Amino acid sequence: MTGKARSHIVQDEPLVFEISAPGKRGCQLPPLDVPAVDAAEVLGAANVRREIEGFPELSEVEVVRHFTRLSTWNYAIDLGMYPLGSCTMKYNPRANEAAASVEGLLWAHPYQPEETVQGCLEIMARLERALAEITGMDAVSLQPAAGAHGELTGILLIRALLASRGNPRRKILIPDSAHGTNPATAAIAGYEVENIRSNERGMIDIEAFPSLVTEDVAALMITNPNTLGVFEVNIARIAEILHSKGALLYMDGANMNALVGITRPGDAGVDVLHLNLHKTFSTPHGGGGPGSGPVAVKKELEPFLPKPRLKQVNGQWRWDYDRPQSIGRVRAFYGNFGVLVRALAYIMACGPEGLRAATVDAVLNSNYVRKKLEPYYDLPHKEPSMHECVFSDRRQARHGVRTMDIAKRLIDYGFHPYTVAFPLIVPGALMIEPTESESLRELDLFIEAMIAIAREAEENPELVRTAPHTTRTSRVDEVTAARKPILRWRPER
Amino acid sequence: MRFLPKSDAERRQMLEALGLESVEELFAQIPPELRLGRPLALEPGRSEFEVLEFMRACGRQNKTGLPCFLGAGAYYHYRPVVVETLASRGEFLTAYTPYQAEISQGLLTAIFEFQTMICQLTGMDVANASMYDGSTAMAEAALMARRITGREHVVVAASVHPEYREVLRTYAHNQAIRIREAPYDPESGAVNVRAAASLLDDNTAALIIQSPNFFGVVEPLGELAEAAHAAGALLIHAFSEAVSLGLLAPCEQADIVAGELQSFALPPSYGGPYAGVIATREIRPPAARQAGWPDHGHARQSRLLPDAGHARATHPARKSHLEHLHEPGAGGADGDHLHAAYGKQGLRELAEQNLAKAHYLAARLPLRFRGPFFNEFVVRCEAQPPEAINRALAGRNIIGGLPLARFYPELSDCMLLCVTEMIRREDMDRLAEVFQPGGAA
């Protein structure tokens with residue numbers, strides 16, 4: 001084994017319900033300073049519950065130990081490299097957390113009069129401006145709560161614009177290398193999806209493309225760099241072709257970490273894109289949320305953005321609800337404000353030089369990993385890589401070792417696996433995105449681990465196929481779990 | 001740049017390994033005309049001290065830290081210290097969606113516990129591990145009802161949070177879902193059951209009711225569920241004030257419960273991030289992600305995510321499915337910490353304090369509606385318009401209620417007030433004074 005991980009004692013911990021005992025409590029309220037009321041009397045007896053059956057009762061120290069013990073069963077960015085392709089698992093600066101915890105921001109109520117929340121509105125306005133500059137777009141909505149939500153918002157905007165021109169059209173074109181959320185987004189926005197095949201270079205085939213853009217096509221959803229980590233070199237031409245036929249170009253900005261400060265989607269002709277603040281702009285993933293998925297658009301789409309919109313009146317920020325062409329709200333209130341604060345803190349800390357330097361390091365790291373692993377793993381597409389590189393398990397598969405096996409073995413070496421079996425256009429894909437947050441030492445340890453696993457796949461494939469061997473649990477049976485799930489605890493009778 | 005862990009010498013060493021002279025060559029594939037060729041027009045990078053100074057200054061520009069009587073979907077509840085302590089642990093905070101079960105057991109266990117507690121609170125059989133927020137959870141519940149029933153349309157109560165209804169309209173707009181609104185009774189502030197029933201037909205997928213509703217009134221969920229079921233529709237129970245679950249009886253006849261958990265340990269944070277949730281009866285899989293146990297021999301050692309979300313993100317049944325991937329909201333773990341911190345008795349007492357305080361204040365003000373209420377209620381502003389009362393309160397360092405004209409023109413002389421455990425009796429007395437004739441002077 002290499003030098004990143006070794007096993008040590010881990011605490012066991014039952015479920016919270018199993019350590020509960022009647023009468024224990026972890027929290028004390030101040031004494032009630034008004035007369036108590038009889039709930040049954042004021043609410044009606046039928047409206048009042050007797051108790052919350054089975055609800056846990058724990059003391060404070062037990063609560064702290066419970067969750068602290070659980071936390072030690074998790075891998076996280078704070079523990080090391082997390083090379084999940086297309087997820088951009090970069091370091092989450094702790095200063096961002098401090099920024100979002102400023103009391104005056106934390107306790108601002110969304111329905112306070114605007115003159116009493118100018119600080120919040122200033123932060124949102126600054127972030128809108130910064131994101132517009134970074135993407136080369138004209139206007140930004142911060143309302144969508146996550147990437148897929150931003151996608152949906154973006155496609156609804158396209159639909160609204162085209163409908164205002166008389167015909168929303170029927171179809172959205174989506175490359176076969178796209179993120180899985182893209183087809184779902186198109187469908188929920190009321191569009192049919194037409195998949196388009198990548199060429200042998202992993203890009204959109206620019207020769208065949210014009211014939212695909214019929215009068216029925218509303219937009220192309222493109223990811224750039226695409227999920228192979230390859231820059232779509234014809235993006236400007238693609239935009240021109242779409243525009244000449246009255247269609248629009250949507251860009252999935254999930255891979256924006258490869259582009260910031262180097263090139264701007266807006267300058268290439270992109271009409272709408274969403275960003276993932278929890279990827280490119282360093283806000284924590286929190287085990288799956290909260291994220292934030294702002295949408296950036298060109299001027300002609302601005303009237304359709306979700307309402308309300310920020311506007312300045314006599315030097316004060318106000319919400320503008322009078323937006324007759326708006327697609328409406330996509331969520332209550334104004335967006336995941338706490339996430340927006342973190343993203344602005346990151347952009348302010350980096351500045352233009354820092355943002356560009358991060359992009360450069362992200363691309364450098366990915367190319368370094370690619371170069372060092374190419375002798376050991378099959379690289380199906382040879383185009384230059386941006387922020388991520390995609391191998392296949394073709395060589396290891398000869399020994400019966402597949403990408404999931406390699407991924408699970410990587411856990412034994414102390415790393416979180418790469419993205420497994422995606423993109424779909426690469427059978428048995430290993431999709432590796434190191435991000436800029438990895439030191440040369442961490443990268444070398446990762447490379448060493450991957451090379452060691454490649455050797456194990458030849459010499460002792462069973463060892464890899466049955467990995468992980470050092471975790472609390474052996475490899476879980478995902479098939480059974482999906483077919484016969486137990487989704488909640490129930491007391492034993 | 002302090003976030004980048006490499007020395008220049010290391011960068012040169014890496015470039016050398018790649019056979020490159022400069023980092024610019026890494027971007028050679030980008031056509032020159034698309035390269036930016038100038039620094040981004042942003043302010044120069046700043047130290048941590050400067051960034052935090054800026055944020056604190058923004059915080060000071062806001063008026064907070066005062067007694068606040070605003071609710072309406074975002075609530076001021078006390079946040080026990082352990083919640084923040086535990087939720088900010090890097091192992092939870094800086095982990096991704098638990099794709100790799102073997103090294104995500106902590107998060108998955110917390111989510112499993114969270115799902116169970118949501119079931120206990122709502123009386124449902126299964127729950128998912130959080131939606132973006134209450135408004136999107138409610139919209140997803142409507143889409144779910146449509147898939148389950150095969151019917152097209154929904155009826156939503158006019159007493160549902162107006163912004164939740166707006167989100168529902170946005171989601172429904174391109175899916176040919178017709179939305180009809182069931183009026184509230186002008187006396188009680190609750191849905192008029194007969195009027196709601198008359199809107200249901202054989203193409204209605206669901207009747208959507210919020211309880212306590214936007215006016216704080218507890219709706220007759222049982223009667224409304226009967227009306228919905230009589231028409232073959234589902235009843236969706238939406239909620240925005242989760243603390244009410246500590247005291248109010250769950251509706252046994254509801255088919256789907258969709259709501260907002262901000263009241264459980266999440267600060268108002270100017271409207272987000274919050275945490276939505278969907279719970280339902282057995283067999284009806286809610287949208288988005290769930291954690292579960294495989295049902296086999298070593299269940300105790302291994303828990304994982306059956307993970308509708310993962311399946312959709314990476315292996316989409318392209319074209320065929322209408323279900324939209326939802327990344328979870330503010331995190332089950334956070335809410336889980338609070339449930340656990342308050343516990344069974346604590347949550348009950350919390351709810352009882354809210355009820356008692358709200359009724360203390362309500363007894364001193366002219367109520368607009370007669371229906372039973374939890375911790376929010378609508379008052380008539382008889383002497384002065386709501387805005388004038390709020391200005392007078394602002395002068396006394398109190399943040400008043402929400403004037404309702406914006407959402408309900410017919411209630412333009414009314415405001416919605418919320419009283420939580422954070423409000424002291426003397427602040428309520430000071431507020432009540434302003435409502436007296438001449439009190440706003």
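What share of the contacts in chain A with a separation of 6 or more comes from residues 24 or more positions apart? The share is 73%; a contact means two C-beta atoms, placed from the backbone, within 7 Å. The model is predicted: local features need pLDDT of at least 70, side-chain atom pairs count only at pLDDT 80 or more, and totals for chains, interfaces and linings use all residues. Residues are numbered from 1 along each chain as its sequence is written, with chains lettered from A and ligands numbered from 1 in the order in which they are written.

**View 1. Chain A overall.** Chain A holds 15 helices and 13 strands (DSSP runs numbered from the N terminus: helices H or I, at least four residues; strands E, at least two). Its radius of gyration is 25 Å, close to the 23 Å of the globule rule for 493 residues, so chain A is as compact as a globular protein of that length. The radius is taken over C-alpha atoms, and the rule is 2.2 Å times the number of residues to the power 0.38. The C-alpha trace spans about 80 × 70 × 45 Å along its principal axes. Of the 493 residues, 58% are buried (20 or more other C-beta atoms within 10 Å of the residue's own, C-beta atoms being placed from the backbone).

**View 2. The contact between chains A and B.** Chain A gives 171 residues and chain B gives 162. On the side of chain A, α10(A) supplies the largest share, 23 residues. That side divides into 100 nonpolar, 43 polar and 28 charged residues. Nonpolar covers Ala, Val, Leu, Ile, Met, Phe, Trp, Tyr, Cys and Pro; charged covers Asp, Glu, Lys and Arg; the others, Gly among them, are polar.

**View 3. The largest nonpolar core.** This core has 306 residues (buried Ala, Val, Leu, Ile, Met, Phe, Trp, Tyr and Cys joined through C-beta atoms within 7 Å). Helix α10 (residues 337-373) of chain A gives the largest share, 21 residues. Among the residues with the most contacts inside the core are L157(A), L249(A) and I236(B). Beyond four places in sequence, I236(B) touches residues including A141(B), A206(B) and D255(B).

**View 4. Strand β4 of chain B.** Seven of the seven residues of β4(B) (residues 204-210) are buried, so the strand is largely enclosed by the rest of the structure. Strand β2 (residues 153-157) of chain B pairs with β4(B) in the parallel sense over four bridges (pairing needs at least two DSSP bridges). H153(B) has T204(B) as its bridge partner in β4(B). Five bridges join β4(B) to the parallel strand β5(B) (residues 234-239). There, I209(B) is partnered by H237(B).

Conventions. Buried ≥ 20, exposed ≤ 12 C-beta atoms within 10 Å, placed from the backbone.
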